[in-house]
Amino acid sequence: MSHKLAIINPRTSTAIESTEPLNIMILGTYLKNAGIQVKIIDEVAGDDVVKETKEFSPDLVGFTSTTCSYPRAAQLMKTIKNLGYTTIIGGVHASALPESVLNEGFDMVVVGEGEKTLLKIVSEERQKGIFRTEKADILKAEEIPLPDRTLVNMEFYIRVKDRTPHDPNLDFVPIGAKMATMLSSRGCPFNCIFCHNTWRGIPVRFLRPEVMIEEIERLISHYGIRYIWFLDDEFFLNKSRASSFCEQLIRKRIKIHWATSVRPDSLDEGLVSIAALAGCKRLAFGFESGSQRILDVLNKRSNVEENLAIASLCHKYNIEVSGLIMVGNPTETKYDIKLTRDFIKKSKPDSLCISVLTPFPGTRLWEWCREQGYLPDARRIDFSNFYYTYATIQIPATFSTKEVERIKRNMLIEAYLFNQKMRKRFILKMFKHPIAMLWKILGYFYANKNQ
């Protein structure tokens, strides 16, 4: 019997879904290679969920969702079930709160890495329950397929810079240029208290440099891509692999520009220098705080002085530094905030994102907030606001949620006043894209009326 699976990528009320949904693209590719007919219905790219579902007539309708897109997924699920379809959901939010998600009306929930588990569910025509991925069902590195990009509207996604010119993550991409994203690894060995890695427990696996090069060459030939954003949790964790990848780019004379995220302790001058030669234009660092005490509270396993040193090293090799800072941390004080302000001035980031610490379900921070009595009844939590912009839950006893948001605003304004490069880039964006920048500013600086 032929099996047909639709996978719905729900939109959110924000503009945070700027890049291809690689998670379900890889999932869909794995199932497609196993003989399942797969269709991704991508609401983010403008697909009409009801129309596309009816036309495809699947045996099973799957959903993925982050925490902030879960309310929309739940809304769509009710519509889809009214049409007579069986539903299933996976992703980090469902994996963290499977019983709650099941009680809301989904027929099935996949907890953990989904490829092999979902293949069993589809093949066996299961209808109800929570399915937890066993260790034996976690893909080995060589089993992870490259995403079939025909499953989504790539023309929509490769023009991401034109759609979101205000996004600081894309400052390395010129307007009009085509950009794609890649995932070259899975997993992260670190366990910061605010991250889902604290409960996932999956091993770290890496694609071989040769496979990465193969995908890049395909992106260039099929889509004219010259800019790539690697969405790995920690691109340079395997230093020999990262170095080999850069060497192959240089040897093959592949002209691309790329950016990624990295921990300062994964880098040294040799890696920074070869990355620069291989086209690396921007590195994002989760500095989080300029207070060593707060870094220890967050279990960052990083050092303030080391963070400053790596920022300086990147500037030496003309690699832009994207600084990621969080406020509203547990036990944070005015003095900790001062140390963070001082750190921002000293590190001289080329772009800066200041977020409000958010206790996502399943993280150690979520459990800590529950123990402290900070979490309201889950039915009263508006998960659509869980994307680091607003103070969704009051965490430090020293500041109210309004004070945390004010600290965030003032810290960012101060950074632009002291950092000439950031200020010039901001003014240029305002001049070229006034409407997009205005909406970005309004969304960033003002919590919605329900807050």
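Me: Why is Glu125 called partly exposed in this predicted model?

Reply: The relative accessible area of Glu125 is 41%. Buried means under 20% and exposed means over 50%, with partly exposed in between, so a value of 41% makes Glu125 partly exposed. Glu125 is placed in the loop between α6 (115-123) and β6.

Me: What makes the phi of Glu125 worth a remark?

Reply: Phi of Glu125 is near 55°, which is a positive value in a residue other than glycine. Glu288 likewise has a positive phi, near 65°.

Me: Is Glu288 buried or exposed, and how do you know?

Reply: Glu288 has a relative accessible area of 7%. The limit for buried is under 20%, therefore Glu288 counts as buried. Glu288 belongs to strand β12 (residues 280-288).

Me: Why is Asp148 called buried?

Reply: Its relative accessible area is 17%. Because buried means under 20%, Asp148 falls in that class. Asp148 sits in the loop between β6 (129-132) and α7 (154-157).

Me: How do you know that the side chain of Asp148 makes a polar contact with that of Lys32?

Reply: The two side chains make this contact at 2.6 Å. The cut-off for a pair of N or O atoms is within 3.5 Å, so the distance of 2.6 Å meets it. Beyond its neighbours within four places in sequence, Asp148 is in contact with Met25, Thr29 and Lys32.

Me: What makes 9 residues of the lining of the largest cavity nonpolar and 2 charged?

Reply: The lining includes Leu22, Ile26, Pro145 and Met182, as well as Arg149 and Glu215. Leu, Ile, Pro and Met count as nonpolar, whereas Arg and Glu count as charged, so Arg149 and Glu215 belong to the charged group. The division is 9 nonpolar, no polar and 2 charged. The volume of this cavity is about 70 Å³.

Me: Which residues touch the most other members of the largest nonpolar core?

Reply: Among its 88 residues, these are Phe236, Phe245 and Trp258. Helix α1 (residues 22-33) gives the most to this core, with 7 residues.

Technical notes:
Residues numbered from 1 in each chain as written. Predicted model: local features only at pLDDT ≥ 70, side-chain atom pairs only at ≥ 80, totals over all residues. Heavy atoms only, no water. 1 Å grid on protein atoms, 1.4 Å probe; cavity = no way out; pocket = protein on both sides within 12 Å on 5 of 7 lines; lining within 4 Å. Points joined across faces, edges and corners; volume = space filled by probe spheres on them. Core = buried A, V, L, I, M, F, W, Y, C linked by side-chain atoms within 4.5 Å. Buried < 20%, exposed > 50% of the residue type's maximum accessible area, 1.4 Å probe, protein only. Helix = DSSP H or I, 4+ residues; strand = E, 2+ residues; numbered from the N terminus. Polar contact = N/O pair within 3.5 Å; in protein donor to acceptor, adjacent residues only side chain to side chain. Contact = heavy atoms within 4.5 Å.
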